[in-house]
Amino acid sequence: DSGGQARALCLIAESYSHQARTSEAHEAVDLALVLAGTSADESLMAHTLSAASLAAHLAADYDRSRSFARQALQISRAIGDREGEADCLSRLGNIDSRLFHVHDASNNFAAAAGIYKSLDKRRGEAVVSFNAGLLFLKVGEYERALSGFKQANEIFASVNDLRGRAVCAVNVGMLAYFQRRYAASRRLSQQALHRARQLSSPYLESAAMGNLGAAERELGMIPEAIAHCEEALRIKRGMTGTADIGSDLADLGLTYLRAGNRTAAIAAADEILSLGNDSLESVMYPQNVIWNASQIFGALDLRQEQQ
């Protein structure tokens, strides 16, 4: 039946999205939306719109993701689907977080958390806790970020969600790096890398590898840092969808600089300056990219006329 096919396509789209197979995810979502449109089942349409929002979000198309999420939220509220409502609020909070709309993100996360708690939906609570942790990490509230990640990881472990634990591990490794706890960051990033490989997730593997290389650079392990930063960038370049290569270029360029390879550092700096809007908008932690890039430019005395 069309409803069953639409739901199956949503699952396929989610799988493709997490593998950064953007075009295939969009194809599956578009077909699911067509099938859902032929049904009178409003719950199915809300579910499909939510899947479309996820695919757009992971492709860094935040305007489209917000539009789909708001449509799904309206339907969920109309039909009294409280869990669906919380899912949409969580997604909207995540979009706001990526765009640094801190107040809106915090409000959406709080609203979603309240609904999940009332419904005893533990995985939903974990996702919101993790998303709140990301928000606080971005704005430098490290204790609140760690609290969110720890709470999320405990719940993910209790429900045997390996992907959730891997995502937490990646970001706890980044948190330790921001706190200048480089040995801890290296250890945590190694754990995250192991989990990412268990999942066969190239994006998570690349993120963990980049964190690992950055920590090793600060520990003076330059050959290992170069190898891991280069591999992280190689994986990102191999993805079919938009990928956060700005972070990898900045980390790799700074590592080349520490190694005394000025030619390679200049090449990385030049590519950072040439990045298009799609790549820049997908950067998870732009402040880290800006700081690393500024160190490269400053050390090499590079100047770029303001546009």
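These entries record what I looked up in a predicted model.

**Basis.** I number residues from 1 along each chain as its sequence is written. In this predicted model, local features need pLDDT of at least 70 and side-chain atom pairs count only at pLDDT 80 or more, whereas totals for chains, interfaces and linings use all residues; side-chain values use heavy atoms, with hydrogens and water left out.

**Cores.** I looked up the nonpolar cores (buried Ala, Val, Leu, Ile, Met, Phe, Trp, Tyr and Cys residues joined through side-chain atoms within 4.5 Å). I take buried as under 20% relative accessible area, exposed as over 50% and partly exposed as in between, with a 1.4 Å probe and protein chains only. The largest core holds 72 residues, and L33, L49, F130, L137 and F149 have the most contacts inside it. Helix α9 (residues 162–178) contributes the most, with 11 residues; helices are DSSP runs of H or I, at least four residues, numbered from the N terminus. Apart from this core I noted another of 20 residues, including I226 and F297.

**Salt bridges.** I searched the whole structure and found 15 salt bridges, each a side-chain nitrogen of Lys or Arg within 4 Å of a carboxyl oxygen of Asp or Glu. E205 pairs with R197 at 3.2 Å between the closest N and O atoms; E205 is buried at 17%, whereas R197 is partly exposed at 47%. E271 and R237 form a further bridge, at 2.9 Å. E271 lies in helix α14 (residues 262–274) and R237 in helix α12 (residues 222–237), so this pair ties together parts 34 residues apart in sequence. I also recorded one network of R217, E218, D251 and R258, joined by salt bridges that share partners.

Definitions and conventions. Helix = DSSP H or I, 4+ residues; strand = E, 2+ residues; numbered from the N terminus.
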